[in-house]
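Please take a moment with the sequence and the model shown here before reading on. The briefing is written for someone meeting this structure for the first time.

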Amino acid sequence: SNDIEDTAGPETAPTGAAAPATKSTSHAHISQSSRLGHSLTSLANVGPYMIESKSRPIADSFENVTILFANISGFKKWSSTRSPTDVFTLLETLYTEFDKLADEVGIFKVETIGECYVAACGLPEERDDHAVLLYRFCRLCVRRSRGLLLDLSTQLGGNTRILRLRCGMHSGSITAGVLRGAKSRFQLFGDTMNTAARMESSGLPGRIHLSEATADELIRKGKGKWLTPREDEVVAKGKGRMKTFWGSDDISCEL
């Protein structure tokens with residue numbers, strides 16, 4: 001079994017993205033979920049996000065969401081011997097490609113935290129196939145990253161090609177909203193974030209590690225062939241022993 005440190009922080013692991021510009025209007029007739037959905041789907045806009053301080057917080061809960069943490073395994077050691085330009089060349093190359101894939105598949109990019117890309121499906125618009133879509137997106141990211149890292153190795157050094165994505169996914173409920181302040185940001189909170197982070201940290205380079213909750217969602221949608229049960233149990237802080245799964249490597253997840 002694997003003992004997992006509590007890498008996700010305190011009881012809830014908040015994460016978020018900078019909020020976009022929007023017009024200040026009255027939202028009295030719009031539900032909290034609609035307001036949040038409108039804000040989240042406007043992420044492509046650029047500028048300060050101004051909200052009247054006396055207005056109600058824009059926040060809501062989403063019951064059925066799948067979260068992905070995709071970490072560049074080996075990055076810390078690799079980056080310690082590289083120039084800042086090399087480090088940002090690698091990150092921008094990978095993240096730009098992931099962003100394009102997210103747009104194509106219909107995935108919501110939450111944010112990047114250093115060498116970790118965080119994404120979600122099932123918010124701001126609810127989707128019954130949230131786990132299926134996010135898994136497909138993750139598989140595409142894993143595959144594309146291998147080719148990109150191989151190409152970058154000629155510019156950034158041969159050992160760049162050995163870097164791999166280590167991915168973790170979990171499905172559950174999420175609290176999401178706009179945390180107001182000098183730099184307003186979208187934030188996601190909840191145990192689902194913690195567990196997804198633990199799936200990533202207890203995974204293996206080049207593989208997708210899924211919780212039982214996400215596996216159940218895939219099975220419910222007829223995608224059980226995508227799964228291989230992990231033989232050893234994972235022991236997670238605050239969770240105890242967990243039954244988890246690997247995403248199969250020999251399937252086609254192209255849309």
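What follows is a short account of the overall make-up, the packing inside, and a few individual residues.

The structure is a predicted model. Its protein chain holds 6 helices and 12 strands, and buried residues make up 49% of the 255 residues in that chain. Among contacts in the chain with a separation of 6 or more, 74% are accounted for by residues 24 or more positions apart.

**The nonpolar cores**

- The largest nonpolar core has 43 residues, and of these Ile72, Leu90, Ile107 and Phe137 touch the most other members.
- At least two residues of this core come from each of the following elements: the strands β3 (59–73), β5 (116–121), β6 (164–179) and β8 (208–211), together with the helices α2 (75–79), α3 (84–105), α4 and α6.
- Helix α4 gives the most to this core, supplying 14 residues.
- Ile107, when residues up to four places away in sequence are not counted, touches Ala102, Ala119, Ala120, Cys121, Leu133, Leu134 and Phe137.
- There is also a second, separate core of 16 residues, which includes Phe108, Val118, Leu123 and Ala197.

**How helix α4 meets helix α6**

- The axes of helix α4 (residues 130–156) and helix α6 (residues 212–220) come within 8 Å of each other and cross at roughly 105°, which means that α4 is roughly perpendicular to α6.
- On the α4 side the contact is made by His130, Ala131, Val132 and Tyr135, while on the α6 side it is made by Thr214, Glu217 and Leu218.
- By type, the residues of this contact of α4 with α6 divide into 4 nonpolar, 2 polar and 1 charged.

- Ile67 lies in strand β3, and it counts as buried because its relative accessibility is 0%.
- Although Ile67 and Ala197 are 130 residues apart along the chain, their C-alpha atoms are separated by 8.8 Å.
- Helix α5 (residues 191–201) is mostly covered, with 9 of its 11 residues buried.
- The buried residues of α5 are Thr192, Met193, Asn194, Thr195, Ala196, Ala197, Arg198, Met199 and Glu200.

**Ala102 in helix α3**

- Ala102 has its place in helix α3, and with a relative accessible area of 4% this residue is buried.
- Once neighbours within four places in sequence are left aside, Ala102 is in contact with Ile107, Tyr117 and Phe137.
- From C-alpha to C-alpha, Ala102 and Leu134 are 9.0 Å apart in space, while in sequence they are 32 residues apart.

**The cysteines**

- Which two cysteine atoms would have to be joined for a disulfide to exist? A disulfide is a covalent bond between the sulfur atoms of two cysteines.
- In this model the count comes to 0 disulfides.
- For Cys116, the closest cysteine sulfur is that of Cys167, and because the two sulfurs are 8.8 Å apart, they are too far from each other for a bond.
- Cys116 counts as buried, at 6% relative accessibility, and Cys121 also counts as buried, at 2% relative accessibility.
- Cys138 is found in helix α4, and at 0% relative accessibility this cysteine counts as buried.
- With neighbours within four places in sequence left aside, Cys138 is in contact with Leu68, Cys167, Met169 and Ile208.
- Cys138 and Gly247 are 109 residues apart along the chain, and their C-alpha atoms are separated by 9.9 Å.

**A cis peptide bond**

- Most peptide bonds are trans.
- The bond that joins Leu123 and Pro124 is a cis peptide bond, with omega at about 0°.
- Pro124 lies in the loop between β5 and α4.

Notes. Residues numbered from 1 in each chain as written. Predicted model: local features only at pLDDT ≥ 70, side-chain atom pairs only at ≥ 80, totals over all residues. Heavy atoms only, no water. Axes fitted to C-alpha atoms, helices over the stretch in contact; angles between N-to-C directions. Helix = DSSP H or I, 4+ residues; strand = E, 2+ residues; numbered from the N terminus. Parallel < 35°, antiparallel > 145°, perpendicular 65-115°, else oblique. Contact = heavy atoms within 4.5 Å. Nonpolar A, V, L, I, M, F, W, Y, C, P; charged D, E, K, R; others polar. Core = buried A, V, L, I, M, F, W, Y, C linked by side-chain atoms within 4.5 Å. Buried < 20%, exposed > 50% of the residue type's maximum accessible area, 1.4 Å probe, protein only. Disulfide = S-S within 2.5 Å.
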